[in-house]
Amino acid sequence: MKQEDITKYLSYRLEANDLLVTEQQRVFPGISRETWLVDVEFEQDGQPTKRGFVFRLDTPGGSIVPLPLSYEYEVYKRLRGTDVRIADVYWYERESQWLMDGREFYVREKVDGVLDIPHLGDPAYRDMHIIMAKEHAEQMAKVHTVDWREQGFGEMADLYPEWLIPGDETECARLDLELWEQIFYEVQPEPYPAMTYALSWLKEKCPQRSPGIRLVKGNNAMTEEIWQGTRIVAMSDWELTHLGDPAEDWAWAAQQGIGQLWELDKIIDHYQQVSGIQIDPGNLAYFRVFVLFKAFTCLQAGSRMFIAGNDRRVQLGALAFLSHTFLEQIVKLTEL
Amino acid sequence: MRPSVKQLIAGIRWSFKTYAVPDLSSRLGQSTGRSIMVLLDHLHERVEVEGQLLMDDNEDMRSLFETLSNFLSPLFEQGAGTEIQAALGRMREKAEKQFRAVGSYPGVDSLTEENEELKRTVVDVFRVLQQHKGSVPEEMYLKAERAMRDQMRRQLDREHQWIEPVMGKRPY
């Protein structure tokens, strides 16, 4: 993103004549989308003012997440006013005069903090890591107990065909599996017979009941949240949010290594106590496979973009082969 | 012609690691450097074995089709549902298809195209059998499914040979 374009845009939005971008930094690794941290100074009501913003946009070839950028923005909007800690979102930009290199984007509040967990693997910090694990569980409890109807999440179905509303608790897992099976066959750059087998396993083992129709964060991970010390100050990455079974979020968390903070069963125990939601171990076992399948599908979408020359980042080429290790985990869990 | 592809890759990798990587200062630059190194390692493993692996894989799938044809031929005779018959018909066509002129060199691109068409057929037959499981005698279905799963397992084992040495490393 060009600094002059950012300056012009924020000057327009903030109605500032003398806005100066003092810092502009792209967040690492930014595989699924580009995230830019921008600090500005300008005069407001005669007073010098400093503010921080986050710009979020697809990479030039599109995103490996097969859902639109605006989807995440709409989720953020609907979380306002809940007790889920998030950055505030300001603007989603579609006007052609403001697009960044021809790309739509949205802007949200910049929240100070870090994504990385300090001293992972160091037993000297075990007590701190347990506090952080509990914090994560407590924040996830807030996500799963959001009154999604009152917050307008039902309206997302009018905006996106991918936003499915289960009729009742028996439909949560099945609807999402059907959606992602369709996405998988659309994005795969080559056939995967072993994944077709795994899909048959998923259909056979699909949970018949979930503990309510819950807001599921999707791609939930301890390193997807902004931390200040042992406190989560903002939950990030809502690209894969949907309505479904909260066990899926614990499968994501496990896959992304939350067990390094504290034993998974203890984290879930704590979560169950604070949320009042019981996580069925059978459902969790199913979702341990399902999240690998979703991740594989997203990486295959990236591979497809790389093959077509739409996104030549070598990271996508490398991740295409990493996804084969996901496939191997899947076939092991499904006993091919 | 020398240096060979594998020798060139080894040289590119060494030069990149020795002279370029130490100067990469940004996180994104370092990440790109890591990905390039991982892919060079991958190509080094892949360049010599890919052609043979594809040939073996293609032969394995053709052999599977022959096996399935034998197991499932009663379904043709008994007039099983049209979707099953159609899928088995497509399978037989693919088993007999010539992907190259006789005597021509089986380049990797051609072998890959053949491989993908044959895999598509495996997926097609598997899905159709699954969908119409109730129309197929149980013993026949289980034999066919086992044969297909065994072939899928062998396919992954072949690929594992050049994925595993490389993908233990962080790819970005």
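Okay, let's start in a loop: A:Asp101 sits between strand S4 (89–93) and strand S5 (105–109) of chain A. Helices and strands here are DSSP runs numbered from the N terminus, helices being H or I with at least four residues and strands E with at least two. Phi of A:Asp101 is positive, near 55°, and the residue isn't a glycine. A:Asp101 counts as exposed because it has 10 C-beta neighbours inside 10 Å. The cut-offs: buried is 20 or more other C-beta atoms within 10 Å of a residue's own, exposed is 12 or fewer, partly exposed is in between, and the C-beta atoms are placed from the backbone.

Before I go on, this is a predicted model, where local features need pLDDT of at least 70, side-chain atom pairs count only at pLDDT 80 or more, and totals for chains, interfaces and linings use all residues. Residues are numbered from 1 along each chain as its sequence is written, and chains are lettered from A and ligands numbered from 1 in the order in which they are written.

A:Glu335 is another non-glycine with a positive phi, about 55°. You'll find A:Glu335 in the segment after H10 of chain A. A:Glu335 is exposed, with 8 other C-beta atoms within 10 Å.

Now H10(A) itself. This helix has 20 residues, 314–333, and at 1.5 Å a residue it should span 28 Å; the end C-alpha atoms are 30 Å apart, which agrees. The expected span, by the way, is 1.5 Å times one less than the number of residues. Is H10(A) enclosed or open? Well, 15 of its 20 residues are buried, so H10(A) is largely enclosed by the rest of the structure.

Next, helix H6 of chain A, residues 193–205. Its 13 residues should span 18 Å, and its end C-alpha atoms are 19 Å apart, so that agrees too. The buried residues of H6(A) include A:Pro193, A:Met195, A:Tyr197 and A:Leu202. What do they pack against? On the chain A side there are H5, H9 and H10, and from chain B there are H4 and H5.

That brings us to helix pairs. In general, two packed helices are described by the angle between their axes and the distance between the axes. The axes are lines fitted to C-alpha atoms, for helices over the stretch in contact, with angles running from 0 to 180 degrees between N-to-C directions.

Take H5 (172–187) and H9 (281–308) of chain A: their axes come within 9 Å and cross at roughly 25°. H5(A) and H9(A) are therefore roughly parallel. For that wording, under 35 degrees is roughly parallel, over 145 roughly antiparallel, 65 to 115 roughly perpendicular, and the rest oblique. The crossing of H5(A) and H9(A) is left-handed, meaning the near helix is turned anticlockwise from the far one by less than a right angle, with clockwise being right-handed. Among the residues making the contact are A:Trp180 and A:Phe184 of H5(A) and A:Phe293 and A:Arg304 of H9(A). Contact means C-beta atoms, placed from the backbone, within 7 Å. By class, there are 10 nonpolar, 2 polar and 2 charged residues. Nonpolar covers Ala, Val, Leu, Ile, Met, Phe, Trp, Tyr, Cys and Pro, charged covers Asp, Glu, Lys and Arg, and the others, Gly among them, are polar.

H9(A) also packs with H7 of chain A, residues 247–255, at about 60° with the axes 8 Å apart. H7(A) and H9(A) are therefore oblique to each other, and the crossing is right-handed. A:Trp250 and A:Trp252 are among the H7(A) residues here, and A:Phe287 and A:Phe290 are among those from H9(A).

Over in chain B, H3 (82–96) packs with H4(B) at about 160°, axes 9 Å apart. That makes H3(B) roughly antiparallel to H4(B). The contact involves 6 nonpolar, 1 polar and 5 charged residues, including B:Glu83, B:Arg90 and B:Lys94 of H3(B) and B:Asp124 of H4(B).

Last stop, the contact between the chains. Chain B puts in 27 residues and chain A puts in 23 residues. On the chain B side, the elements giving two or more residues are H2 (27–77), H4 (108–131) and H5 (138–167). Which one gives the most? That's H2(B), with 9 residues. The chain B side divides into 13 nonpolar, 6 polar and 8 charged.

Notes: Contact = placed C-beta atoms within 7 Å.
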